[in-house]
Amino acid sequence: MPRFDPFAGRTVRVAENLEPSFVHDEQVALARRKLAEFVARRGKRPNFLIFLMDDVGWGDFGCYGGGVAVGAPTPGFDRLAAQGLRLTSCYSEPTCSPSRATMLTGRVPHRHGLHRPPMYGEPGGLSGEVTLAQLLSSAGYVTQAVGKWHVGENAASQPQNVGFDDFYGFLSVSDMYTEWRDPHYFPEVVYSEARTEWIKNMPFNRCFVHAKKGGEAVNVEEVTIPVLSLLDDKWCAYSSDFIRARAGRKEPWLLYHCTRGAHFDNYPHEKFLASSPAKHPYKDTLIELDDIISRLTAVLRETGQAEDTLIFISSDNGPHMETWPDAAFTPFRCSKGSTWEGGVRVPGILVWPGMIEAGQASDGIMNFSDILPTLAALAGDGLQLPTDRYIDGVDQSSFLLAPGGDSNRKYHYYWLMQHFSALRCGEYKMMLRSTSDDEAGAWAPGGFTGVLQEHAYAKLYNLYLDPKESHNYMTRKLAYMEAFQLGIRSHLATFKKYPPKKVMGLAAADPRQT
Ligand code: CA
């Protein structure tokens with residue numbers, strides 16, 4: 001039986017505001033049957049555990065070629081990958097907030113407007129978007145967010161105001177709470193009372209918080225360096241309590257658990273200090289994350305909810321190389337901040353005992369925008385996606401549930417801030433714009449270091465023959481040119497009826513000035 005070919009295959013657009021997708025009839029029928037049997041057998045819809053790590057690389061886990069080879073064995077992640085489906089072409093966006101907002105809205109950054117992360121109390125966030133948590137709430141789900149948020153500190157963008165029943169975590173990003181407290185990085189602040197006061201008066205909350213739906217975020221504790229080293233442990237305990245409390249209840253649930261680790265600067269829990277063969281804080285943090293996912297999945301098993309729960313494990317972007325060696329491992333070109341594969345190709349492990357066949361690996365393309373329509377499809381037959389806005393994600397439920405299934409996505413669109421950067425179909429990637437990654441003289445060059453470069457002629461890379469994107473294959477492979485141009489034109493054309501949005505940066509509207 002020949003494999004399905006994404007170039008030759010034709011997609012179907014079922015509504016003007018929905019991304020066209022492949023419809024593989026046999027796997028759709030199989031997936032529907034499996035899901036109907038599940039609902040009949042278990043008496044409810046599946047639970048969802050999204051376990052999203054920060055700045056962890058494609059290559060960090062043993063099951064992706066890292067693990068013991070790079071000084072941090074990950075038996076927990078490796079075991080989970082063996083129990084389910086390991087994706088080798090799972091895509092985030094180039095940085096934290098764009099990725100998280102894309103997962104929560106099913107839309108690319110140029111539509112939800114978070115082109116880059118808001119920092120130190122900057123305005124801008126998820127408000128005005130329809131989120132995964134809102135959709136699942138409308139289908140009767142209990143929705144819990146734990147850990148890192150970073151898609152808007154303003155009240156209207158906080159988790160309890162965009163669909164989550166409860167939130168326990170911090171609203172921004174790890175380094176913002178501690179970098180200016182560490183004399184190694186910011187001696188000019190630590191040793192100056194005036195400069196310390198100046199930072200403390202910036203409009204960001206230095207505490208992690210607890211909030212209930214529609215309520216105010218209440219400070220739990222100021223995130224000093226010693227507190228930060230305990231956060232992943234505390235958040236794991238909170239999520240464990242949530243899972244235990246849901247056992248035997250009739251409503252299904254969404255747990256969106258976002259770890260602090262392994263974003264720079266890493267200060268591992270003392271239990272994990274020097275626990276890795278590498279003896280480096282980044283690697284020790286990976287050992288802790290491996291322990292945390294193992295603890296959460298143990299609670300699922302102990303409470304009889306493992307078979308009821310689809311787990312998605314991923315990271316929000318590639319390695320942050322400007323902070324090397326406090327940085328992840330990727331075998332691909334460049335890193336976080338860029339649309340080279342190193343910036344956006346992330347681990348993607350899906351586990352659902354009895355529903356997703358164990359021991360699978362697939363190079364089918366899936367990106368974070370697919371999470372919303374996929375979970376919506378699993379959560380309810382009639383669960384309606386928004387009709388007033390464009391949804392870039394496609395329903396991948398049949399890809400996941402059919403053993404050996406094919407991805408329903410034809411293209412991955414790479415966006416670099418507000419610039420369309422590249423398109424992938426099958427093993428080929430056409431790049432129009434990218435960041436330069438050959439800066440000389442940078443202290444620690446990475447995806448944020450270079451300039452935006454527009455290629456006079458597009459570049460074409462074969463990601464199977466050349467995963468490091470170092471051999472432009474364009475003039476040897478002109479037969480692909482029109483197919484790529486068509487894909488790019490069709491994508492950009494959707495912005496005519498569904499205009500882009502910008503909520504970050506100088507050109508965005510600043511609510512503080514109105
Ligand atoms: Ca990140």
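Helix α10 is followed by G304, a residue whose phi is positive, near 70°. Helices here are DSSP runs of H or I with at least four residues, strands are runs of E with at least two, and both are numbered from the N terminus. The model is predicted, so local features need pLDDT of at least 70 and side-chain atom pairs count only at pLDDT 80 or more, while totals for chains, interfaces and linings use all residues. Residues are numbered from 1 along each chain as its sequence is written, and side-chain values use heavy atoms, with hydrogens and water left out.

The 22 residues of α10 should span 32 Å at 1.5 Å a residue, and the end C-alpha atoms are 31 Å apart, which agrees. The expected span is 1.5 Å times one less than the number of residues. Because 16 of the 22 residues of α10 are buried, this helix is largely enclosed by the rest of the structure. Buried means under 20% relative accessible area, exposed over 50%, and partly exposed in between (1.4 Å probe, protein chains only).

Two packed helices are described by the angle between their axes and the distance between the axes.

| Helix pair | Axis distance | Crossing angle |
|---|---|---|
| α9 (residues 225-246) and α10 | within 9 Å | roughly 10° |

That makes α9 roughly parallel to α10, a term for angles under 35 degrees. Axes are lines fitted to C-alpha atoms, for helices over the stretch in contact, and angles run from 0 to 180 degrees between N-to-C directions.

Definitions and conventions: Parallel < 35°, antiparallel > 145°, perpendicular 65-115°, else oblique.
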